Amino acid sequence: MIRILSYICLGALLFQGNIANAQSEEISALFGCISEKDSPAKVDCYVKLASIYRQLNKDSSLLFCDEAYRISKDIGYIEGVWDALYKKCQTLDKMGNIMDALEYGERCLFIADSIGDDVRIGKSYFKAAGLYTDIGDTRAALLYYHHSLQIFKERNDSNALVAIYNGLGNYFGDLYIMDSAAYYYHMAVDLGELIGFEHAIGIMLGNLGIIYSDLGDYDNAKKYYLLSLESNVETENLNEIPKNYSRLANVEKHFGNYEAALRYFDKADSALIRVKDSLQMMEVAINRASMYVDMEKSELALPILKRVAKYYRQQNFVEGMQSLWQIYATIYLNAGNTDMAMLYHDSIIKLAKLHSNLYQIRGSYEDIYLIELERGNHKEALEAYIQVGIYSDSIFDLEKAELMNDLRLKYEKEKDQLEILELKHKNLQKTKERNLLFFTVLGIVFLGIFLIAFLVFNHRKNKIISAQKIRQLEEEKKHLAARFLVEGEERERKRVAMELHDNLGVLLSATKMSFSEIRDKSPENAELITKASRLLEQASSDVRKISHNLMPGLLTKLGLYEALEELFENLNDQHGMDAFMEVVGPKNRLDENTEIMIYRMMQEIINNTLKHAEAKSVDMVMIVDENEINITYSDDGKGFDPDQTLKKKTLGLQSIRSRVKFLSGLFSIKSEPGVGTVYRICIPITEGYCSELSE
């Protein structure tokens, strides 16, 4: 089946006009090779096919990797096992499956170390370093870059050193340590030009341009972007050319040359049509929209943002949504709608905290500080300003000092450190033999002291533990009683709903049909029977509504998110409100109790809005990750005093609080008369989360 599928893929490939004849001939030869008997040569052919198909069809690339791995295991070809896993790691990285790629990268490192292959060990360290950088584990990334650099320095492998220097530039660039990033990019460019590594020089020059742009040196940024564009055009590096145009457009935007920026954006779009990179098209669109906002032409930016938002939601691209929300916040702030701007900044901060994006968090708190200051909310402004200071310190002081110290110890004094470590190792070996008896005696003494202390305090300790267990059992008993009460209530709701729908509903429908027959047979009573039929029809409709309120069918069949969408659609259709709902993250089914509890909370909040708020619009943003669900619901109604309302212990709010407490979650209300209401709810999926509500 593998061979059949492979030949089908080959046939489709040979008919594509955009593939060079030389590559087609190479692929044909490789497909001929894999039809031979299992051997190391056959494994190598599968690995080469996987490498080629990584750019053409990633699923086929994974298929070739798996077949190479299977054959290598069968024939005991350990190098082939490493090659297959390494190519699979690269393909998964290209697909964006970073955690899966990292798992295969660590397996490659273990295999390479077991066979003592320095080149494969160095490549494994380098690949894993890049993946650790992507997930934000900066310490592991720097350590792995260090190991890889040491190996390839000893081998005097210039090509590998160019890649490592560029990787270190990316690493420090992600941490906003710009001087170190520029240093390593320059080293990569200089060495690349020395050895004629032309294809990568354009990429590295573009990286240098990014660093100077982030430093605010737009003259140098433009210089390196133009050099990068020239190099990429010469080497026909089609994937990088659109990036050059987009970056040049952003530089012109900073200079205020909007017409030049628009020309570069148009060139970027034309180049992207050739490479068919949808994600990069959206990035260019966001940059164009941002420029329209700077030009105070938000009416041109909004249609672009709407199109980008639709694409990002389809792709579940969370990082892109942060940039999108930032522009929306700016638009609303420019329009004087500070409430909506604050809502978007709250969502940005929540997402940024999930991904440890300190710079995004700090930027949002800076905007919140300015908004609260303009509103005259000095306390809230001070709190936001304190957060700005905290994240600024984390970014520019502590982290930079720590990482620069690591850099100095691990790179500038590499040889001295290795000698010191070797000397320490020898001294430890001698000390171990000399002090073995001493530590043995010392251990016996400590053991005796421990036994005495244990005998003295054991009884008292047992008493304390017993008392704690009793209190814990009492708390668990109360919690279980509450849980059984709520679960029993929901089961009874479900049972009553089914009884109403399946029994009373059917009975009323049958009775209505009987009345219709009687009306036909008794014309003299037709008017009375018609009136009775209308009453039966009204009763049947009321039964259906009661059944739906007790237990919505959509909730049990399709789940929480679809049921909430129906709830918000009803607000639009039946109550004429401008209702907006957005779910960010995976829409997997939760357990039945959690879904019902969350639905009841939102149902009660919406009922409060309809009964008391006199609102014209409502918004809800639900951020879902593997550990917790964060819900932010707001309306533009007349508002109220939350402290006074909670003291009255109204049934609606008490119901919401009890359900949140049942799920071990957190709940808060922020409202003032005349400015609307904001509800915030955090529901843990993994035990121990939701220690505090995100602001």
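## Close-up views of a predicted model

**Figure 1. The disulfide between Cys-33 and Cys-45 is right-handed, because the torsion about its S-S bond is about 90 degrees.** The pair ties together parts of the chain that are twelve residues apart in sequence, since Cys-33 lies in helix H2 (residues 21-33) and Cys-45 in helix H3 (residues 40-53). The sulfur atoms of Cys-33 and Cys-45 are 2.2 Å apart; a disulfide is a pair of cysteine sulfur atoms within 2.5 Å. Helices (H or I, at least four residues) and strands (E, at least two) are DSSP runs, numbered from the N terminus. Both cysteines count as buried, Cys-33 at 18% relative accessibility and Cys-45 at 10%. Buried means under 20% relative accessible area, exposed over 50%, and partly exposed in between (1.4 Å probe, protein chains only). The model is predicted, with local features requiring pLDDT of at least 70 and side-chain atom pairs counted only at pLDDT 80 or more, whereas totals for chains, interfaces and linings use all residues. Residues are numbered from 1 along each chain as its sequence is written, and side-chain values use heavy atoms, with hydrogens and water left out.

**Figure 2. A disulfide joins Cys-682 and Cys-690.** Their sulfur atoms lie 1.9 Å apart, and the link is left-handed, with -75 degrees about the S-S bond. Cys-682 and Cys-690 are buried. A search of the whole structure finds two disulfides. When the bonded cysteines of the chain are numbered in sequence order, the pairing reads 1-2, 3-4.

**Figure 3. Cys-65 takes part in no disulfide.** The nearest cysteine sulfur to that of Cys-65 belongs to Cys-108, 9.9 Å away. Cys-65 is buried, with a relative accessible area of 2%. At 1% relative accessibility, Cys-108 counts as buried.

**Figure 4. Helix H12 comprises the 17 residues 218-234.** At 1.5 Å a residue, helix H12 should span 24 Å, and its end C-alpha atoms are 24 Å apart, in agreement with that value. The expected span is 1.5 Å times one less than the number of residues in the helix. The buried residues of H12 are Tyr-218, Ala-221, Tyr-224, Tyr-225, Ser-228, Leu-229, Ser-231 and Asn-232. Seen down the axis of H12, these buried residues fall within an arc of 165 degrees, so they line one face of the helix; the arc is that of the directions from the helix axis to the C-beta atoms. The face turned away from the buried side of H12 carries the exposed residues Asp-219 and Glu-234. Helix H10 (178-195), helix H11 (198-214) and helix H13 (241-255) are among the elements that cover the buried residues of H12. H12 is followed by Glu-236, whose phi is positive, near 55 degrees.

Figure 5. A salt bridge is a side-chain nitrogen of Lys or Arg within 4 Å of a carboxyl oxygen of Asp or Glu. Asp-294 is partly exposed, with a relative accessible area of 44%, whereas Lys-253 counts as buried at 12%. Asp-266 is partly exposed at 40% relative accessible area; Arg-288, at 11%, counts as buried.

**Figure 6. Glu-595 and Arg-589 form a salt bridge.** The closest N and O atoms of this pair are 2.9 Å apart. Is Glu-595 buried or exposed? At 2% relative accessibility, Glu-595 counts as buried, whereas Arg-589, at 45%, counts as partly exposed. The structure holds 17 salt bridges. Elsewhere, Glu-67, Arg-70 and Asp-74 are linked in a network of salt bridges.

Terms used:
Contact = heavy atoms within 4.5 Å.
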